[in-house]
Amino acid sequence: MGSQQSIVNTNTMEGKIATSGAPTSVTAAADAVSKPKPCCVCKDEKAKRDECMLFSKADDPAADCKGLVEQYKSCMAGFGYNV
C-alpha cells in the first residue's frame, strides 16, 4: 500500500502542476478573443486612405493623403495596433 500511496501523491502533484499552467493559457486565449483581427477594424478609414492613395492626382500621394493616413493610424491604435 505504501507504493500505491506515493503514486497517488505523484498524480496529485502532476495534476496541480498541469492545472496551475491552465489559467495563463486561458488568459492568453481570452486576450486573443477580445482583440479583433486587424483586417476587421477601421474598414472605412482604410478604404478612404487606399482610395486617396490610388487615385490621387498629386505628385506626392503620401503627402496629399496624410490626414487620412493619420486617421487610419489613430483608429488602429485605438484597437491596440501600432501601424
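**View A. C65 lies in the loop that joins α3 to α4.** Helices here are DSSP runs of H or I with at least four residues, numbered from the N terminus. The model is predicted: local features need pLDDT of at least 70, side-chain atom pairs count only at pLDDT 80 or more, and totals for chains, interfaces and linings use all residues. Residues are numbered from 1 along each chain as its sequence is written, and side-chain values use heavy atoms, with hydrogens and water left out. C65 counts as buried, at 1% relative accessibility; buried means under 20% relative accessible area, with a 1.4 Å probe and protein chains only. Leaving aside residues up to four places away in sequence, C65 touches C52, M53 and S56, where contact means heavy atoms within 4.5 Å. The C-alpha atoms of C65 and D50 are separated by 9.1 Å, and the two residues are 15 apart along the chain.

**View B. S56 occupies the loop between α2 (43–55) and α3 (61–64).** The relative accessible area of S56 is 17%, so this residue is buried. Its side chain reaches the backbone nitrogen of A58 at 3.2 Å. Apart from residues up to four places away in sequence, S56 touches E51, P61, D64 and C65.

**View C. Helices α2 and α4 (residues 66–78) cross at roughly 155 degrees, and their axes come within 9 Å.** The crossing makes α2 roughly antiparallel to α4, a term for angles over 145 degrees. Axes are lines fitted to C-alpha atoms, for helices over the stretch in contact, and angles run from 0 to 180 degrees between N-to-C directions. The α2 side of the contact consists of E45, K46, K48, R49 and C52, and the α4 side of L68, V69, Q71, Y72 and C75. By class, the residues of this contact are five nonpolar, one polar and four charged. Nonpolar covers Ala, Val, Leu, Ile, Met, Phe, Trp, Tyr, Cys and Pro; charged covers Asp, Glu, Lys and Arg; the others, Gly among them, are polar.

**View D. C42 lies in the loop between α1 (2–34) and α2.** Although C42 is not a glycine, it has a positive phi of about 60 degrees. Most residues other than glycine have a negative phi. C42 counts as buried, with 7% relative accessibility.

How values were computed. Helices (H or I, at least four residues) and strands (E, at least two) are DSSP runs, numbered from the N terminus. Buried means under 20% relative accessible area, exposed over 50%, partly exposed in between (1.4 Å probe, protein chains only). A polar contact is a pair of N or O atoms within 3.5 Å; within protein, one must be able to donate a hydrogen and the other to accept it, and residues adjacent in sequence count only if both atoms are side-chain atoms. Angles under 35 degrees count as roughly parallel, over 145 as roughly antiparallel, 65 to 115 as roughly perpendicular and the rest as oblique.
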